[in-house]
Amino acid sequence: MLGLGSLYNKFLSARKNHDKKKAFKQATVVFVLGGPGVGKGTQCAQLVQEYGFVHLSAGDLLRQEQSRPGSPFYEVISTFIAEGKIVPMEVTVALLENAILEHIQKANQEEEVKEDKETKPEGIHAHIHSWFPRSHKKKVYFLVDGFPRQMDQAVWFEQEVTPCQFILYLEGPEDVMLERLLKRGETSGRADDNLESIKKRFTTFKETSYPVIEVYAKQGKVQTVSCVDGPDVVYENVKKVFNKQLFLGNEERREE
């Protein structure tokens, strides 16, 4: 028989999981995929600027965790990134999950402050006001860049967090991408922006990440945009996809 302490901890764990699942219902997620050098970060930055999306780069989250003092994942992340291999999904999904929750909590806090300023109840009305739940929470739109890298990541993420709306697939030939990455490597300081690592990353993408795109394409959930042209031309085509898929021309739909 469980003691009171164990029962209480079990209750807290169940409550925490319930709150997490409730928060994830606010998330609208779009996966942004493409081989190395296609410009995923560039396109996401423009979408953030114009539409206010939250951009989460799986690679950036891993590098931030790698550089965090005392990180228990330092060795595994460093080794896998240097070899151009996929970091174990337990690490990547956990980092994404935490980041999504943080942004949803921040959005909810901002919404509550906004509601309080608009209503401003006083006296007994303020006390009564606190009894009632807040209005429905608005959607938070996420661009998850460079994820999922393989199908088990996709399955786990959609089970534990939320199904994605669609995949934006930025497509480009390897020779063009290689030239871009070598140029970027002159100033990026990234350990994986060198010829050997880049070639490994191309191989990894073809063997493990592209099959994810094929699976989602069969579900009708892949939107492909060529990234051969300049970033502004590519962005115009990306915008057309988002306006069609998420109805961003109608602000009322975004608030549903």
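Residues are numbered from 1 along each chain as its sequence is written, and side-chain values use heavy atoms, with hydrogens and water left out. In this predicted model, local features need pLDDT of at least 70 and side-chain atom pairs count only at pLDDT 80 or more, while totals for chains, interfaces and linings use all residues.

**View 1. Glu97 and Lys20 form a salt bridge.** A salt bridge here is a side-chain nitrogen of Lys or Arg within 4 Å of a carboxyl oxygen of Asp or Glu, and the count by this rule is eight. For Glu97 and Lys20, the closest N and O atoms are 2.8 Å apart. This pair links distant parts of the chain, with Glu97 in helix H5 (residues 89–119) and Lys20 in helix H1 (residues 4–24), 77 residues apart. Helices (H or I, at least four residues) are DSSP runs, numbered from the N terminus. Glu97 is buried, at 13% relative accessible area, and Lys20 is partly exposed, at 22%. Buried means under 20% relative accessible area, exposed over 50%, and partly exposed in between (1.4 Å probe, protein chains only).

**View 2. Glu50 meets Lys239 in a salt bridge.** Their closest N and O atoms are 3.1 Å apart. Glu50 sits in helix H2 (residues 40–51) and Lys239 in helix H10 (residues 231–245), so the pair ties together parts 189 residues apart in sequence. Glu50 is partly exposed, at 40%, whereas Lys239 is buried, at 18%.

**View 3. Glu83 pairs with Lys85 in a salt bridge.** Here the N to O distance is 3.1 Å. Glu83 is partly exposed, with 33% relative accessibility; Lys85 is also partly exposed, with 46%.

Terms used. Helix = DSSP H or I, 4+ residues; strand = E, 2+ residues; numbered from the N terminus.
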